[in-house]
Amino acid sequence: MAGDQTNRLNNGGLIDRSTALNFRFDGKTFSGFKGDTLASALVANGVKLVGRSFKYHRPRGILTAGSEEPNALVELRSGARREANTKATTAELYEGLEAASQNRWPSLNFDVMSVNQLFAPIFVAGFYYKTFMWPAKFWEAIYEPAIRRAAGLGRAAQVPDPDHYEKAWAHCDVVIAGSGPAGLAAALAAGRSGARVILCEEDFVLGGRLLADGGTIDGLPAAEWVARAVAELTAMPDVRIMTRTTLFGVYDGGTYGAIERVNDHLPTPPEHQVRQRLWRIVARRCVVAAGSIERPIVFAGNDTPGVMMASAMRSYINRYAATPSRRIALFTNNEDGWRTAETAIAAGLQVAAVIDARPDVSPAHRSLASKGGFPVLHGAVAGVDGGKGGVRKISVSLTGGARAEVEADGLAVSGGWNPAVGLTSYHRGRPKWRDDIAAFVPDGAPPGMVAAGAANGAFGLGAGLREGFEAGAAAARDAGRSGNIGSMPVADDEAFSITPLWHVAGKGKAFVDQQHDVTASDVELAQREGFQSVEHLKRYTTLGMATDQGKTSNVAGLAIMAAVSGKSIPETGTTIYRPPYVPVAIGAFAGHHRDENFHATRLTPSHHWAAEQGAIFVDTGLWKRAQWYPRAGEKDWLESVTREVKTVRSGVGFCDVSTLGKIDVHGPDAGAFLDRVYINAFSSLAVGKARYGLMLREDGIVYDDGTTSRLAEDHYFLTTTTAKAGLVMQHLEFCRQVLFPELDVQLTSVSDQWAQFSIAGPKTRDLLKEIVDPAEDLSNEGFPFMGAREVKLRGGLKARLFRISFSGEMAFEISVPARYGEAMARNLMIAGKPFGVTPYGTEALGVMRIEKGHVAGPELNGTTTAGDLGLGKMMSTKKDFIGRVMAGREALVAPNRQVVVGIKPTDKARRLRSGAHIIPKDETPGPGNDQGYVTSVCFSPVLDQWIGLGLVERGRERIGEVVRAHDPLRGEDYDVELCNSVFYDPDGGRQRG
Amino acid sequence: MRIVCPFCGERELGEFTYLGDAKPQRPAADAGEEAVYDYVYLRDNVAGVMSEHWYHGGGCRAWLKVTRNTLTHEISAVEPAAGAGAAKVGA
Amino acid sequence: MADFSWDIRSPLDRALTSGPYGAQGEAGVSLTEIRNFGLVQVMARRGKAGEMAKAAKAQFGVAAPETPKAVDTADATLIWSGPDQFLVLSKGGKHTMESLAPGFAGSASLSDQSHARALISVSGGKACAMLAKLSSIDLHPDVFAVGAAAATSMDHTSVTLWRGKDRADRQSVFNLLVFATFAESLWHTILDSAAEYGATIGHSEELA
Amino acid sequence: MKYSIFSLARAALSGHKNWQPTWRDAAPKDRYDVVIIGGGGHGLATAWFLASEFGIRNVAVLEKGWIGSGNAGRNTTIIRSNYGLPGNTGFYELSMKLWEKMEQDLNYNAMVSQRGVLNLYHSDAQRDAFARRGNTMRINGIDAELLDQAALRKMLPFLNFDNARFPVQGGLLQRRGGTARHDAVVWGYAHAASELGVDIIQNCEVTGFTRDANGKVTGVETSRGKIGAGKVGMAVAGSSSRVAAMAGLRLPIESHVLQAFVSEAIKPLIPGVMTFGAGHFYVSQSDKGGLVFGGDIDGYNSYAQRGNLPVMEDVCEGGMALIPMIGRVRLLRQWGGIMDMSMDGTPIIDKSPIDGLYINAGWCYGGFKATPGSGLVFAHLIARDQSHKEAALFRLDRFQRGAMIDEKGQGAQPNLH
């Protein structure tokens, strides 16, 4: 077996010694056990140097044993699954794990960029704001690229993430964040009361600090109590325990975000499974039992590998049976830190000394010291001797001024504990300061949330259980659950005495934010330069902005700021706490919605038939629409589209137009209703007739257009553009429910009910006669232009037939129930075969509408008026309608507005392009003479040249004028003639014939 | 955010679409340009409790009048628009 | 005269492949498309809710739902679809626009939706877990009991969801009406969500 | 105090003990010629231009919290001048030209970095709209390039070209666009304005206006007492309606929340700024290494300065759809700012109907890039009582006249701009 786990204790720990796991760190093979994190396995293998810092590239080790880790960050996995900045302290070990240190070159041991340390006197906080300004060009060319390369930490994969993610919803009465003593007690109380409970634990084992610190609960060893509690909870059907799940944020209405790392503990997710799952948990109540985070003390050399949080050291020794050091010194300012000395002795390790910043030490600890044979030094650590090899010697400045030195290979530090106040503060709450524990605790919380246990500043085990149990019971009660909650778990409360100590003055760099290399003197410099607000401090020095989100640095930073600016800590205050509580993969927030699944896809009723025909599809909103139908031998799209247009204009063709929005408007007041939403009248429309309608927004600008037919006295069938279908439905419902509730009208979307086809061309009637029951009169008299009625088809199927034309040809639109859509397409091909029928796509549709001068999306662009579109005469003066008043404002009726006009190049061989601007001939283009632009273009088979529509200043008064089409983006500039926008059959004889 | 639709019950934000302040009333046809300008463009833009139009488009398609605090997002009341559920008018 | 056939094709005709899908072993989810049904939307006219209710009672023998519920009749299910409106889902299209119109004349407007939706039945031990990936609704049996219905959204698309009677093996049953033009897209999303549990895919003409 | 590599090196020798505050933390005087409400980028820039361009140095900038605590300090730091409508085009280019010399003007490195801003298109219609806009830019003397898919494949091979719901087809690139370090812009203007005698007064909240018998504004009431002023300018994005209400004005503005996000710092991955054209997502990578990204506003009126999950998910969906390699990059922080969403998506820089009160508001989510330009034209308006020629269309009465400047064509519906 590779590696010998030199620093593994022979007994104990929550690791599975029967399952050895091999892993690689920086190319070297090691082994650990199931139950290890990468950090604990590195500790077990005696690895101390794990990473390099952000700015100075200083050697760094492992500081913590949790998600607050600032230093031990690695690139985990490789290739497409490489994950930068992964905390070794939370990465679960698996067989074959690969990790690499980051932000070093060429190697962790020898990092060229560590020369930055030589420039440290210059590279102070904010130095870059004061230099790199001259010459101006050098910033992008030289300085910035160098800074960008040096900054950053790990490397992200540069290929698509191969794993899958998903999102899900969960609902409960009480969600609990954390499964330490308070969290478990809360879950027991809530679960017993009958509440639906979700217990989230970010670790892969339940128990929180009990896993490392043990204790006695209800007379049982902690581990045994945890096992019983978990068994009881597991047996409750409405309690859901979610491990590897972090509650990261709280949103409005009792919605909580949680990330479940479903398969991060495996090399790759099993087939059909996701890597991570984002949960939106809806809960009536939330108990935050997220514990607290031990904080460092800022002293020179506090970033040396081998300096570790005292609680982390206990985690490694007790939970993982791994010893970070053999001969440990402890530096504490509080009672709790001493536990590490007890742990070390119990594990058979040497304690070199305890350096206690407090004036007094309890008699029990005095006797522990004498039994353990180590000195208790009153004072503070002033410096650490050691480099990348780790701690060697510690210098202590004793109370009273004397110095002492301690030889040790590890230094445990406890500066007290900070309750995890993130979740309770995410609604911009500010925690309050408690002097007795020298820490910020929650001061209120978002609605429905309460903190309990250490997260609320109740550090004792007994107090944590009590608060958790009571919070769980209260939460369940608030949710209306009243079952018997049984008895509260009981434990003793340990004493917690602390003498705050934030910063030990001394020579050498003393780090506040270890990852971002922010030192105590940087904080002092910020204060000197006027960056005294904590938010200024954060932004100027970058303190607290690293991947640990300031969990180990923020409070110390503001405490130092408070000291140098002569204010108290509460006066100085905290920065705003921001979610997520731990960094969350972007892929998880996206879930299923990536690649082709980014948005849903809508298919027309004839889609699969069109695909069989070899249609090329285009995305139109969510729709896939047939764009054109290429035939063998056609060399490009233009040839296919031109053929489709010519076939329609000379024979017959059809196009699936089911994407139009279709709305049934029912009720006695349907006509009156439409009069108010359209600028033209509809109450006067005869049954069996269709009419083109135009809608405005209330600000007088054109909103949408379409044809609406009256199928019965109290039933209109309204169509919208494809793009606006949903929005028009919403708008009409607003009109119906909010603006005009007095009208008796009902609206239903029938967009999906009908397959609708446009059949166009001089032979349309011939084709239709094959399909429609012979009893139906399709003659010009029997079914005139703008007629609309139900017809029977051969075989008995009922359809709706509308004599409307978008192409300018003799045309009908025919609707059949959507499940017949595909059959309809096939039958149109069969029926039209003798007439040379062709299906046509959206391109040909577009060509024919431009030839006819019909406006569409590019002209209905949200800034044009009915007048701009040449439709001003449609505006009724006899009735009120949406947008009527605002449409009359001076600038909207000004004579110099840009209006729709036809445009064609004077050189017939020229291609016209949309987006070209219109400039008067012989003038130099500039802001003063930019008179409009080309909105829509096509190659017109009829005119055998490119034509287009444009919005041009006073365009309709300038028909015949030659102007410039100016298109610098594409390097083009050519003469075009402004012309009538109806290029084809201006009298409309063909569509009426 | 979650809105208790008077017809559907409590639903998540994604099912709703926002329009805006429900206080301005559409002026009568003869009210004149200044009144319509005020209706269309000017807003109290309340920092506090505000009555708003929301559309339950991802659900029952009812327009709702929601009373909501713009400082905290707390919703204190939801009622249907006058024409939502109007079949029961007079019934 | 040309020879036409008016084949009817469900929106999932192409996308649905009967058989097992996803993880092997006992299927956690059954997905069945129901193909032969009629669907008519009934909307009360202004002030006519009472008359519509009477007409419904006369037509179906049971009261139409006035809250989000689905009510079974002998040959149809009446599903609440919004204030003052409900859907008549009938087996094999037994209730049509034509058959319903006389009874509701004057009290309600009718709109045929038979072709506007696809109907999918989701059942099995993992049906709830799978639907939790798609639906923001709380489907716990205490909250969303047999007969509960919802007009809601999945994957940003409107759907009508209701809980049917439990299967013979006491597993949950959910029915889902989805818009026809979205059906194929949503179907693939459903398959993705079901894959980890293993699914049995099928189709049937009739609603169970 | 002059900043340079030499002053830094000198300071290093003395352990950086001799640095002076970047700006003077002033106490309010009784009266100023001009009082600017709002110590964000726009307010401080206005003060600096008043002092440096228009010779008005008896100026106070009042900030209710710490300078830069509003939108100046919570945006996504993008600068660009790629607008398509008269009024916007010239103004934002004026601003861009000021960005290009800001650091030398201010003697402060704001890390103005012209790494390019690229708007991606995914359809022919979108390409045509971009072509129209790009040509407007070129006609106005602004750099713009229309790139096709082949060009983008070479330039940004990591975009999702082949496996996407809406494949990238091309883009409109403004190479002179880019980013700037937002906080440094605030500090730079504060530094330079302070050097010219401007009083920067923090923790000073305006609670009302003082008016004379004719209704003219004569000063402000604040949490630190009354302060007299010849003229008062408000540059209080996010609070515009509230401050205007103190003077009895209603504005064509709604306040909305815009969220922004930053990832953990990683080695350089993404070169410039890019915007997704088929969803709500835009991104750049900061010099520190974090991906800074955002999307659409949440869509409902809000002063809460925080948003909700649906938009956060929507933005990340856009990100993954466009750049599928960022799936394993972790989102580190989310925050929200209050946007003054105007009724046409365009700002208002104008005299108010009240004598002596000047309005600078309605920036929607585009205020950061406008900072220097806004400072110059607002200072011009205040100093000369006349609009700067590049801000002449940003009038308050344009809605009454029907002369909206609506780039998105969404009308009087602020949450859609």
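A:Ala585 stands opposite D:Arg330 in β16(D). Strands count as paired if DSSP finds at least two bridges between them. Strands themselves are DSSP runs of E with at least two residues, helices are runs of H or I with at least four, and both are numbered from the N terminus.

This is a predicted model, in which local features need pLDDT of at least 70, side-chain atom pairs count only at pLDDT 80 or more, and totals for chains, interfaces and linings use all residues. Residues are numbered from 1 along each chain as its sequence is written, while chains are lettered from A and ligands numbered from 1 in the order in which they are written.

**Chains A and D**

Which chains share the most contacts? Of the 5 pairs of chains in contact, it is A and D. Two residues are in contact if their C-beta atoms, placed from the backbone, lie within 7 Å. On this count, 90 residues of chain D are in contact with 92 residues of chain A. Several elements of chain D give two or more residues to the side that touches chain A, among them α1 (5–13), α3 (88–106), β12 (253–265) and β16 (330–342). α4(D) gives the most, with 9 residues. By class, this side of chain D has 39 nonpolar, 30 polar and 21 charged residues. Here Ala, Val, Leu, Ile, Met, Phe, Trp, Tyr, Cys and Pro count as nonpolar, Asp, Glu, Lys and Arg as charged, and the others, Gly among them, as polar.

Chains C and D do not touch. Their nearest C-alpha atoms are 11 Å apart.

**Inside chain A**

Strand β35 (residues 661–666) of chain A pairs with β39(A) in the antiparallel sense, over 4 bridges. In β39(A), A:Thr748 is the bridge partner of A:Asp664. Strand β39 covers residues 746–749 of chain A. A:Gln746 and A:Thr748 point one way from this strand, A:Leu747 and A:Ser749 the other way, and all are buried. A residue is buried if 20 or more other C-beta atoms lie within 10 Å of its own, exposed if 12 or fewer, and partly exposed in between, with C-beta atoms placed from the backbone.

Two cis peptide bonds deserve a look. One joins A:Trp105 and A:Pro106, with omega about 0 degrees. A:Pro106 sits in the loop between β7 (97–101) and α2 (138–150) of chain A. The loop between β7 and α2 of chain A also holds A:Asn103. Another cis bond joins A:Pro579 and A:Pro580, with omega about -5 degrees. A:Pro580 lies in the loop between α14 (569–572) and β30 of chain A.

**Positive phi**

| Residue | Phi |
|---|---|
| A:Asn103 | near 60 degrees |
| B:His73 | about 70 degrees |

Why does A:Asn103 count as buried? A:Asn103 does so because it has 27 C-beta neighbours inside 10 Å. B:His73 counts as buried because 25 C-beta neighbours lie inside 10 Å. B:His73 is found in the loop between β5 (63–69) and β6 (75–80) of chain B.

**Chain B**

Chain B has 1 helix and 6 strands. Along the sequence they follow the pattern β-β-β-α-β-β-β. The C-alpha trace spans about 40 × 40 × 20 Å along its principal axes. Of the 91 residues in chain B, 43% are buried. Among contacts in chain B between residues at least 6 apart in sequence, 48% join residues at least 24 apart.

**The sheet of chain C**

An open sheet of 5 strands in chain C has the order β4-β5-β6-β3-β7, with antiparallel pairing. β4 (70–72) and β7 (108–112) of chain C each have a single partner strand, so one side of each is left without a neighbour in the sheet. Neighbouring strands of this sheet are turned by 20 degrees against each other on average, direction ignored. Axes are lines fitted to C-alpha atoms, for helices over the stretch in contact, and angles run from 0 to 180 degrees between N-to-C directions.

β4(C) pairs with β5 (residues 76–82) of chain C over 3 bridges, in the antiparallel sense. C:Ala70 stands opposite C:Ile79 in β5(C).

Helix α2 (residues 97–104) of chain C lies across β3, β6 (85–91) and β7 of chain C, at about 175 degrees to β7(C).
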